[in-house]
Amino acid sequence: MSNSNPLSPNSPVLLTPSLHVDDARKAIAGLVNDLITESRIRNAVGDIELVSLDQAINRILAEDLLSPIDVPAADNSAMDGYAFNGNCLETQDPDITLKVVGTAFAGKPYEGSIGQGECLKIMTGALMPPDCDTVIPQEFTSATSKGDSTIVTFQQSQLKRGENRRLAGEDLQCGKPAISAGRLLRPSDLGLAASLGIAELKVHRKLKVAILSSGDELRPLGQSLDAGSIYDSNRYSLTGLLNRLNLEIIDCGIVQDDPASLKAAFIAAATKADVLISSGGVSAGEADFTKQIMQELGDVGFWKIAMRPGRPMAFGVLKPIAESGAKHRTLFFGLPGNPVAVMVTFYQFVRSALLQLNGASQTEPLLTQAIAQTSIRKKPGRTEFQRAIMERGANGQPTVRITGSQGAGILRSMSEANCFVILNHEQGSVAAGDWVDVALFDGLL
Ligand code: AMP
Ligand code: MG
């Protein structure tokens with residue numbers, strides 16, 4: 001880790017002019033990378049577990065998965081139709097007529113041979129007989145009965161030799177990677193592994209992520225609210241966000257705004273977790289004692305980020321706690337307390353870092369674009385994350401509309417939304433009809 005990097009948590013506490021979102025992201029990725037390379041952090045990349053497919057969703061594949069077989073294992077039909085030898089297409093005659101000599105089903109191959117002027121009724125997935133190389137789909141044929149046998153006729157111009165046949169090894173070749181290491185495993189990957197006969201996958205150990213909520217006003221669910229107190233909702237949105245990544249969550253509860261409790265909670269988290277995520281207590285009014293504790297326990301920068309919502313954020317590492325015998329550092333994110341800001345900063349900074357620490361190759365969220373239904377006011381000089389609903393407009397194009405009030409504490413704006421509209425740092429106000437960047441909350445598959 002380089003001390004000359006002004007964004008390094010080793011540098012004096014940062015209360016400099018606002019930090020560009022991209023610079024904050026780069027600083028986080030750089031520090032995580034340094035910590036991993038220098039083995040100064042327990043990352044889950046080195047520890048590999050074998051898990052069954054039904055447990056593997058959203059885990060990160062630790063080694064390339066090599067296909068043990070060709071897929072498909074043999075040539076087979078891509079359509080319901082008639083298989084024949086494509087020699088018969090080399091004719092001037094516009095109509096081809098073939099006699100049906102049998103039927104091949106998926107899983108029930110036809111054992112006989114197919115001669116000149118003959119064809120085989122074949123179902124999708126059924127093995128192609130060795131003397132056939134082409135399949136005419138059923139809907140292009142007309143069949144007539146002639147005595148005991150059936151004759152099919154189709155136009156020669158309707159297909160070329162070799163069509164509608166899947167070749168052995170066309171999808172995957174034996175010994176070649178079917179899924180690359182670093183993949184965040186999706187349902188299709190699990191299906192792919194199963195199609196190869198593989199029941200277990202080597203994945204990186206789950207990261208252990210501690211979460212704590214800080215604030216005297218916070219109450220756990222089940223308690224009544226006294227004047228000025230609120231329920232601790234961040235714990236649940238953070239738990240939901242972490243569960244989506246299939247990580248191990250260590251719940252460190254609610255911590256009062258006093259240095260001794262906070263210090264004890266940080267020490268407890270650092271002894272158990274790879275990463276600690278706190279919410280609250282990093283805004284200007286409250287950061288002073290958090291900073292004081294951090295100077296004892298770790299190297300943490302207090303950032304003022306040019307973004308909305310989610311301006312204050314602390315980021316760095318907690319040192320190993322000598323008494324606990326711990327050898328490794330714990331990555332620390334001190335997120336702002338506002339419920340929407342927690343989710344935005346998690347999305348923007350924490351998610352990628354967790355994936356990186358866990359060995360994922362693709363850590364950046366995907367963006368798309370949509371047309372703003374109304375104008376959106378925005379000042380250049382900060383990145384804004386507006387909560388919005390993306391839908392299909394009248395002309396079929398994707399559009400977005402902002403969900404109601406956008407205050408950083410208004411969780412309903414998040415709950416009703418299905419995406420963020422991301423207005424980048426340099427951008428000014430948006431006019432109705434302009435294309436804007438969008439990050440969808442849910443991937444379909
Ligand atoms: P802070 O960052 O501690 O100044 O908190 C900013 C705002 O977020 C305040 O209104 C807090 O009451 C609120 N807040 C902080 N932590 C939580 C939490 N865990 N759940 C819900 N609201 C919170
Ligand atoms: Mg607070």
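Analyst: Let's start with the second largest cavity, which is lined by Ser214, Leu262, Phe266, Ser278, Gly280, Gly281, Val282 and Thr290. The model is predicted, so local features need pLDDT of at least 70 and side-chain atom pairs count only at pLDDT 80 or more, while totals for chains, interfaces and linings use all residues. Residues are numbered from 1 along each chain as its sequence is written, chains are lettered from A and ligands numbered from 1 in the order written, and side-chain values use heavy atoms, without hydrogens and water.

A cavity is a set of points, on a 1 Å grid over the protein atoms alone, where a 1.4 Å probe fits but cannot get out, and its lining residues have an atom within 4 Å of a point. The second largest cavity holds about 40 Å³ of space (the volume filled by probe spheres set on points joined across faces, edges and corners). Its lining has three nonpolar residues, five polar and no charged; here Ala, Val, Leu, Ile, Met, Phe, Trp, Tyr, Cys and Pro are nonpolar, Asp, Glu, Lys and Arg are charged, and the others, Gly among them, are polar.

Three cavities reach 30 Å³ or more. Among the residues around the largest cavity are Asn58, Arg59, Ile60, Leu184 and Leu245.

Now for the sheets. One open sheet has six strands in the order 16-13-17-21-20-18, with mixed pairing (strands are DSSP runs of E, at least two residues, and helices are runs of H or I, at least four, numbered from the N terminus; two strands pair if DSSP finds at least two bridges). Strand 16 (248-255) and strand 18 (298-304) are the edge strands, each pairing on one side only. Strand 18 runs antiparallel to strand 20 (residues 312-318), and seven bridges join the two. In one of these, glycine 298 has leucine 318 of strand 20 as its bridge partner. Helix 1 (residues 21-37) packs on this sheet and touches strand 18, strand 20 and strand 21 (330-335), where contact means heavy atoms within 4.5 Å.

Another open sheet of six strands has the order 7-4-6-5-9-8, also with mixed pairing. Strand 7 (134-137) and strand 8 (142-146) are at its edges with a single partner strand each, so one side of each has no neighbour in the sheet. Four bridges join strand 7 to strand 4 (residues 81-84), and these strands run antiparallel. Alanine 83 is opposite valine 135 of strand 7.

Notes:
On a 1 Å grid over the protein atoms alone, a cavity is a set of points where a 1.4 Å probe fits but cannot get out, and a pocket is an open set with protein on both sides within 12 Å along at least five of seven lines; lining residues have an atom within 4 Å of a point. Axes are lines fitted to C-alpha atoms, for helices over the stretch in contact, and angles run from 0 to 180 degrees between N-to-C directions.
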